[in-house]
Protein chains: 4
Amino acid sequence: MAMNIKRIGVLTSGGDSPGMNAAIRAVVRTCAFHNVSCIGIYRGYQGMIEGDFKEMGARSVNNIINKGGTILKSARSKDFMTKEGREQAYNNLRNSNIDALVVIGGNGSFTGGLVFNQEYNFPVIGIPGTIDNDIYGTSFTLGYDTALNTVVEVIDKIRDTASSHNRLFFVEVMGRDAGHIALNAGIGAGAEEILIPEEDMGLDRLLDSLRKSKASGKSSSIVVIAEGDKIGKNVFELKDYVDENMPEYDVRVSILGHMQRGGTPSCFDRVLASRLGVKAVETLLEGKSNYMVGLLKDEILLTPLEHAVKGKSQIDKKLIRVSDIVSI
Amino acid sequence: MAMNIKRIGVLTSGGDSPGMNAAIRAVVRTCAFHNVSCIGIYRGYQGMIEGDFKEMGARSVNNIINKGGTILKSARSKDFMTKEGREQAYNNLRNSNIDALVVIGGNGSFTGGLVFNQEYNFPVIGIPGTIDNDIYGTSFTLGYDTALNTVVEVIDKIRDTASSHNRLFFVEVMGRDAGHIALNAGIGAGAEEILIPEEDMGLDRLLDSLRKSKASGKSSSIVVIAEGDKIGKNVFELKDYVDENMPEYDVRVSILGHMQRGGTPSCFDRVLASRLGVKAVETLLEGKSNYMVGLLKDEILLTPLEHAVKGKSQIDKKLIRVSDIVSI
Amino acid sequence: MAMNIKRIGVLTSGGDSPGMNAAIRAVVRTCAFHNVSCIGIYRGYQGMIEGDFKEMGARSVNNIINKGGTILKSARSKDFMTKEGREQAYNNLRNSNIDALVVIGGNGSFTGGLVFNQEYNFPVIGIPGTIDNDIYGTSFTLGYDTALNTVVEVIDKIRDTASSHNRLFFVEVMGRDAGHIALNAGIGAGAEEILIPEEDMGLDRLLDSLRKSKASGKSSSIVVIAEGDKIGKNVFELKDYVDENMPEYDVRVSILGHMQRGGTPSCFDRVLASRLGVKAVETLLEGKSNYMVGLLKDEILLTPLEHAVKGKSQIDKKLIRVSDIVSI
Amino acid sequence: MAMNIKRIGVLTSGGDSPGMNAAIRAVVRTCAFHNVSCIGIYRGYQGMIEGDFKEMGARSVNNIINKGGTILKSARSKDFMTKEGREQAYNNLRNSNIDALVVIGGNGSFTGGLVFNQEYNFPVIGIPGTIDNDIYGTSFTLGYDTALNTVVEVIDKIRDTASSHNRLFFVEVMGRDAGHIALNAGIGAGAEEILIPEEDMGLDRLLDSLRKSKASGKSSSIVVIAEGDKIGKNVFELKDYVDENMPEYDVRVSILGHMQRGGTPSCFDRVLASRLGVKAVETLLEGKSNYMVGLLKDEILLTPLEHAVKGKSQIDKKLIRVSDIVSI
């Protein structure tokens, strides 16, 4: 019943991503717009268990739309995986008269929300926030576009020095089990080769490709590698392997790491966060629950949280061909 | 007949936009991939008339994917609007054995291509390149995403100083007759109000909104105005009007201007350019003509050039409501 | 007497500049380091008159070193120009047991501090914070280096589009009566000509220079103009003048405006702010007053506030010659 | 004899750094200004041995002032360490009528130039180009300021995610045997602790400092480590050590690597490059040799190459104290 919702709690959970603050702002202000109270829950589910709550008015989210990270902070909570933890969390919500939850995070966070809903019939809506873009039900997760820009900006810098020295660089990027970041940032950075978990190109083909690249007259090469890649060697072993087999190359390694999670969100991520935040609150106010809001085919749509959690966001295989062509 | 195409010409025309170089690179390399010759035509249709051509191999587009502007340069051509001009252009293409054209540009450029095709039955494919996002048949034009990031980054800086001084800023952005940039960058920058050509909010409602914003406790305000806005006053007149009617505000004006057309393209624009460039060439090689390639609902699709030219890309009206809510 | 200082007030005044927050942080933490209390005074001298004070501990300035603007806000105060206003301010300081002041700002702010000191014998140390770099006694004012980077980044973008279209751009930059920003950012941006208040090149020489530039084969031109330039025409009149006298050019104007005052401070400005903030507080604790801290010949040094206020920071005339040579 | 110099060769050698292209541009154009021919020598001393030369006119360096890397490419040359190699190089210079050399690089490059000068009495002037700022005779090397900005921008991003998760990050930066980058970027990034080769703080003091930081209420910590640091453990061993001794911290490591060498140069580096390039050529034209041009106490000055090579640029020890205070 929509009528019942007078106070909404919002939390961020799991790995943080750029745009989370913009989403918090949108949730808080949509509550204000509809005269619903909004409670910020700190440190994700752990803060829910510890009752780390704070009322948030429209002015409390001034000047955060362009800030990376999350003002509500994030954490992984082992306690929430226990029945006792969730019970404590539920009691805290009840005692604070919170009627519904907006959970901003990734797959693990949604799974937690789903279990909580099933046990306590508590209304939950998810907003997909992760740089990995690995969530079913949305073409873009919050922070993914920003992370792509961060990666190409860094590889642009590496390219400067690579092409001044005719070097080969292996650049490892994030993405967990998915190759979205590697594939898209690789194309954007003009990488000569891209290694992703979805396709095991094999060491032989990699050497072939590098040889072809050299033969074609390229003075430097960038190979982008997804952290979840399954070529069977980590990035340092890969370097050793190429060092051994292609001594003509001066090979270097760069692991981009956590910088990919931070930074000022791109305009795309800020607008997406605003749209998703509005939709999340209004979906709760319509009396619905257990959905994730997402952007699919240019529209903000709902996907059952259960599907989001079970499904898998596929990379666009056509992009592999695009990469092969434009890196010729 | 696909069989006939042995050499493809590529040009950029109209206002330049970030991503044009990435598209040129993709066109050149897709030609190389398919063993088709590629000719760069300098300064748009004017260079076509003057025979300003240059063969482009795969290596000629090294290290341009991240460069703003267009290495082929752009120009507006009055001569191409005459029958004589187009005849000269056709003769030049024939003499250089160019069989088909890829035109990267906006509406005016496509109209030119269409007329040329009708007169000489010359195969033409268009790639939408403009920051204004005002082209029917694609959800994103090349350069639009980059321009949005440029605008929000600048307004972030203006916000720093605005909030240090409790000021009101009118920021004018590009977009010609369309409000895409203003609306999206306005939401992304957290603007208090957004004035776009598609909606005449009226001066009274603007004052109301500013008063409400002040009353709500906001310490500074940003109003984003599309250059094509139809409120009946230019941005300096608007300032005077508000100065007169709201003396409590210290009003400043900033016209962002041409910086919006430049800059390193975002990852999104680079990937989009790569996909569109591949598709443009392969569409010609399939024997098709008179299409624009575009991104619609997450897919690269073809739209007849005629529709692209006659149609109009609409803003998403739901975004106006999102803006109203999140700027509360 | 150094022994007497138990509580220091800090304020920002005049136009804000990037690095002010880093300076506030350094002042607050140096106080904490020496076990001296620190009071933030909001909105400059106006807040001093209105008693808008807040105690600041070391943790209150977390995560502001990289933020543009000033968390203490700034304002221009007419009241402080009256004897009554200053008396009120003095009484507020006394009532709050504030023993000394750190004033972060420009010339006007220092003049106010000097008058206040003379009337009430109140210890004052100034930190030069302005993007204009027009203060005697320091080679670099806080925010100047960041503003230079902002300007060259924007002109880089304008250059992209200028060189795609063979255009001439007049770009107006800030600097009040001084040409520091124009001269240095002009060289940094590779400007063909730079107009500064310190040198009236005259309209004839400007035209000559532009003609020479065109003749030398340059495809585009950027002319950087200081806002205080004295060529006798504003930037729009200049455009008209060149339009008339050099119709071969397509001339555009861009006024960069307030974005130059905002943005994340450069590393240089953050380190400078940290050094100046430490020195300002420790100078007060040594019992000294009426000095400005500054960076001269790579050393942090003191300059009597009176000299800072009366003197004028000169541009390095040799840079004009450097510009003439490298823009050949 | 100044009269003799009709043609100057310019090369970049050693690790590349942002601003090298701006320096090449200044050298080329200063030659053009003085009607002296300029020859670009590719790939440093190796290209000198192989005769990889190209005449460079004023227009050949258009639009490179803002590009990272070096258009002349760089390389390390083993052949130049042999007498035969240098003889070949000398013969190539003579055959091409090159009368003098401008060498842009670091210590190793200058040593090579010095030996070459001693053997063949060939005029050489050095321009200090390295991000490490480890060269005696200049307060700033080319690329150092840009590298500092790159590092603080990346650590700003890491801070976003660190403070969202209450984490401790060890961030390793470049600098070879010198702590300039670590110390300055550490202060600029607000690092809690900075480890540099010039000061072995010891593991105990590091733990102490981290404990104090935690106790003071800081939610996250950044420790910046110079690659040449001598604490006796590499950055991964340090992480293990802290993991073991301070289990309350969630420790992560980030090695910034080669991105620090690339990127668009800052305005400071562009202006410095322009000034040094002009001075280098004009010093040769005055008949002088064996000097390095540098920026000392705000002036462009000459230092004998021999001193530059033997000396060592010291860090400013006062900055260590500044860091201790502002990170309280």
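Which side chains meet in a salt bridge at 3.2 Å, N to O? The points below take this up along with the rest of the interfaces.

1. This is a predicted model, in which local features need pLDDT of at least 70, side-chain atom pairs count only at pLDDT 80 or more, and totals for chains, interfaces and linings use all residues. Residues are numbered from 1 along each chain as its sequence is written, chains are lettered from A and ligands numbered from 1 in the order in which they are written, and side-chain values use heavy atoms, with hydrogens and water left out.

2. Chain B has 53 residues in contact with 53 residues of chain A (contact means heavy atoms within 4.5 Å). About 4200 Å² is buried between the two chains, and carbon and sulfur atoms give 56% of that area. Buried area is the accessible area (1.4 Å probe) that two parts lose on being put together, summed over both. B:Cys267, B:Val326 and B:Ile328 supply 14% of what chain B buries against chain A, more than any other three residues.

3. The opening pair is B:Lys318 and A:Glu299. Between chain B and chain A the count is eight salt bridges, each a side-chain nitrogen of Lys or Arg within 4 Å of a carboxyl oxygen of Asp or Glu. There are also 24 residue pairs in polar contact, both residues at pLDDT 80 or more. A polar contact is a pair of N or O atoms within 3.5 Å; within protein, one must be able to donate a hydrogen and the other to accept it, and residues adjacent in sequence count only if both atoms are side-chain atoms.

4. By class, the side of chain B that touches chain A has 21 nonpolar, 16 polar and 16 charged residues. Here Ala, Val, Leu, Ile, Met, Phe, Trp, Tyr, Cys and Pro count as nonpolar, Asp, Glu, Lys and Arg as charged, and the others, Gly among them, as polar.

5. Chain A is divided into domain 1 (2-143 + 265-310) and domain 2 (144-261), with bounds from an automatic or database domain assignment. Their C-alpha centres lie 35 Å apart. In domain 1, 16 residues are in contact with 13 residues of domain 2.

6. The area buried between these domains of chain A is about 1200 Å², of which carbon and sulfur atoms give 49%. A:Ile131, A:Asp132 and A:Asn133 supply 45% of the area that domain 1 buries against domain 2, more than any other three residues. The domains share two salt bridges. A:Asp132 also meets A:Arg176 in a salt bridge (3.4 Å, N to O).
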